[in-house]
Amino acid sequence: MRKKDNLKEKILPHRAYRIIKLDTFELIGSFIAIFLIFIAVFSFFPLILEKGIEFCKEFLDTLYVSAVFEINHRNFLIFDVPYIETYGKYPTKNFAILTLIVSFILAIALYKNKYLKNISMTLFVLVFINILSALYFIFFSQYFPYSLSSFSYLFISTSVINWAVLMFIFGLLIAPIPANFFLKIIVYILISLSVVVLGFLRYLLIIVVLKEYTYIFMPVLFLGFGIIVDYVYAVMLYGFFVSFVTASLLKKVDEWRWVE
Amino acid sequence: MGGIIILILKGYILTVAGLCALYAIRHLIFAYDRLLGKQRIFYGDIIDDELPSVSVLVPMHNEEKVAPNILKLLVEADYPRDRYEVIPINDHSEDKTKEIIDEFAQKYDFIHPLHRYSGKRGKPAGLNDALKMVKGEIVLIFDADYLPPKGIIKELAVNFKDPIVGAVMGRVIPINADKNLLTKLLDLERCGGYQVDQQARYNLNLIPQYGGTVGGFRKDIVLETGGFDENVLAEDTELTYRMYTSGYKVVYANRAECWEEAPEDWEVRARQVKRWSRGHNQVMFKYFFKVLKSKHLTFFQKFDGILLLMVYLIPALLLLGWLDLLILFFLGDINIIAPVFVMLVLLLFSGIGNFAPFYEIATGTMIDGLTKRVRLLPFLMFNFVFNGVYITLGFWQAFLDFVKRNREIHWDKTERFREEEVVE
């Protein structure tokens, strides 16, 4: 049979027999290119961190004219991590009690809720952390181990490690996807940029919230709105990318081959 | 003393994070294998005129909403009638299931009903009773809410032409995937779990799992090894490990697709997850050391077998890990743990239990051609707490079953949602 008469090359294979046609050269090229970008970003991390923190400081200086914000550095693993030093405030006993009551009511409402149980149970856990925090500040306020400065360092150092891990993982995930080489590079850079940029914005937001509404929300902000959120952006962008690639693959029969 | 407690808390986090990383790598290998590796085809393409004799068992308890659909489809199945029988197992039904089954049995002589109104309830007990009357050498099982296509009996049965094959498993696809967020997320999990996870385990000669429905086994092996253990809720997982530790293989037949009804309600899903977790963990307690000692398994099969046995233990450990983190946070001792915390987050998106991680799902949707549903991937994060809580409850029950032998086991039936006839 002549090659052009092979029907298997004209029919989109059933999903059980589908396999992506591979260009080994391009696949290896994708891995190398993404790895090089990763190394490049990693080596510029100190500069990126410095600039990001400077931006945050400038924004906070504008927002709080009378407050003092300083940039300090501490060594964390292989990084010299810059972070913002400032002061915050402890909650009053009355505010802690009010937070406890509101959180408790919210917890009951979420517990009773029967719709979108997965989301309500997740929110329940966040509210539960807030209840623990309120109780802590009512009874053991003097033992709270963080200041806004130490939390600021903790948050940034955790984020730095997270960004590095996340870029490494998403590099491994994006490289083998059967898409245009340059598109993959763009998506990889976009994901890397988004986690860093949005990470700094979240850092800023958390400092503002803690400055405005006291340390009582520190545990929930760290465990609920910390590095987990980075994964939400990254997975969302990755999902949209895969969706786009899938749609284009379905239109191109020659991108697939049959399992043999 | 305080220092030792903190050391233990940190050590625990480190251990859990290490396990999480191990699972993340395992699933990454599976995703790569399905996308880039050589695929192993099941025996579905064999054309053979001497097909084995087959008995199809359909366990039913109050299944009046779905029973007519599956019976009608099994009647229309493409399989030689002299080698084919259908045994609907009516297990203590109080609705019209009995009447529906009897009506079909009157019309078709290859339908041999089994009505059970005494003895132990539940799927394993029902299957054991049915095995006593089975005529076929191969037993295939379909849950009552499944909609088997015409050729599936042949596609599953033909695998048993190879004498080393002890069991076969087909692919499950939700028919009501578009119903709501829950069914859409379940569809994603199924897609990753079957198209990628099961297929990759089959490709790599590891442990593809027999899932208790849309699959089957050799009658003789099960009878010779004592039938189904009526105190185990996951008789499917138990059978998988029994097959492998007895020197037989499980085939994953990716092409043998069958429609199922996914739970549409979170309460129903919660009960299902809890039951699966209890059953799977019962098997873990029973087979952990048997797998390690087995002479029939290779090193990698043992390694994967142990990881598979532990999939419903990890969420319980992970949930404890988060509690541990919370304590360390309030003690002000979290700094050094921070990088490890990252690993825990990884597993958040990896899904838990035997549900597929986000990158496995993305690979599955790409191969399946699901263009829009994959955009829901970030919502998987919200399943972490839900699954974690109910899997932990199931693990706790299994632990009590293990400690207090002879505990009474109740089969918790999954509620059906079908409102209209889906078979014309």
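Buried means under 20% relative accessible area, and this cut-off is used in the legends below, which describe close-up views of a predicted model.

**View 1. The contact between chain A and chain B.** In this predicted model, the contact draws 63 residues from chain A and 61 residues from chain B. Between them the two chains bury about 5,600 Å², and 77% of this area lies on carbon and sulfur atoms. Across the interface of chain A and chain B there are eleven residue pairs in polar contact, with both residues of each pair at pLDDT 80 or more. On chain A, the elements that each supply at least two residues to the side touching chain B are the strand β1 (18–20) and the helices α1 (24–43), α4 (117–139), α5 (148–174), α7 (218–224) and α8 (227–251). Of these, α8(A) gives the most to that side, with 16 residues. Sorted by kind, the residues on the side of chain A that touches chain B comprise 49 nonpolar, nine polar and five charged ones.

**View 2. The salt bridge across the interface.** One salt bridge is found across the interface of chain A and chain B. Its partners are R15(A) and E257(B), whose side chains meet at 2.8 Å, taken from N to O.

**View 3. An aromatic pair in chain A.** Over all chains the structure holds 50 aromatic pairs, and one of them is formed by F137(A) and F144(A).

**View 4. S141(A) in its loop.** S141(A) has its place in the loop between α4 and α5 of chain A. With a relative accessible area of 19%, S141(A) counts as buried, because the cut-off for that word is under 20%. When its neighbours within four places in sequence are left aside, S141(A) is in contact with Y90(A) and Y136(A).

View 5. The structure holds 24 salt bridges over all chains, and among them is the one between R373(B) and D187(B), where the closest N and O atoms are 2.4 Å apart. This pair links distant parts of the chain, since R373(B) is in the loop between α13 (358–368) and α14 (383–403) of chain B, while D187(B) is in helix α6 (residues 181–203) of chain B, 186 residues apart. Both R373(B) and D187(B) are buried.

**View 6. A salt bridge between two helices of chain B.** E238(B) forms a salt bridge with K286(B), and the closest N and O atoms of the pair are 3.1 Å apart. Here too distant parts of the chain are linked, with E238(B) in helix α8 (residues 235–245) and K286(B) in helix α9 (residues 266–293) of chain B, 48 residues apart. E238(B) is buried, with a relative accessible area of 2%, whereas K286(B), at 29%, is partly exposed.

**View 7. A network of salt bridges in chain B.** Salt bridges that share partners join D91(B), R116(B), D129(B) and K132(B) into one network.

Terms used:
Residues numbered from 1 in each chain as written. Chains lettered and ligands numbered in written order. Predicted model: local features only at pLDDT ≥ 70, side-chain atom pairs only at ≥ 80, totals over all residues. Heavy atoms only, no water. Contact = heavy atoms within 4.5 Å. Buried area = accessible area lost by both parts, 1.4 Å probe. Salt bridge = Lys/Arg side-chain N within 4 Å of Asp/Glu carboxyl O. Polar contact = N/O pair within 3.5 Å; in protein donor to acceptor, adjacent residues only side chain to side chain. Helix = DSSP H or I, 4+ residues; strand = E, 2+ residues; numbered from the N terminus. Nonpolar A, V, L, I, M, F, W, Y, C, P; charged D, E, K, R; others polar. Phe/Tyr/Trp six-rings, centres within 6.5 Å; stacked < 30°, edge-to-face > 60°. Buried < 20%, exposed > 50% of the residue type's maximum accessible area, 1.4 Å probe, protein only.
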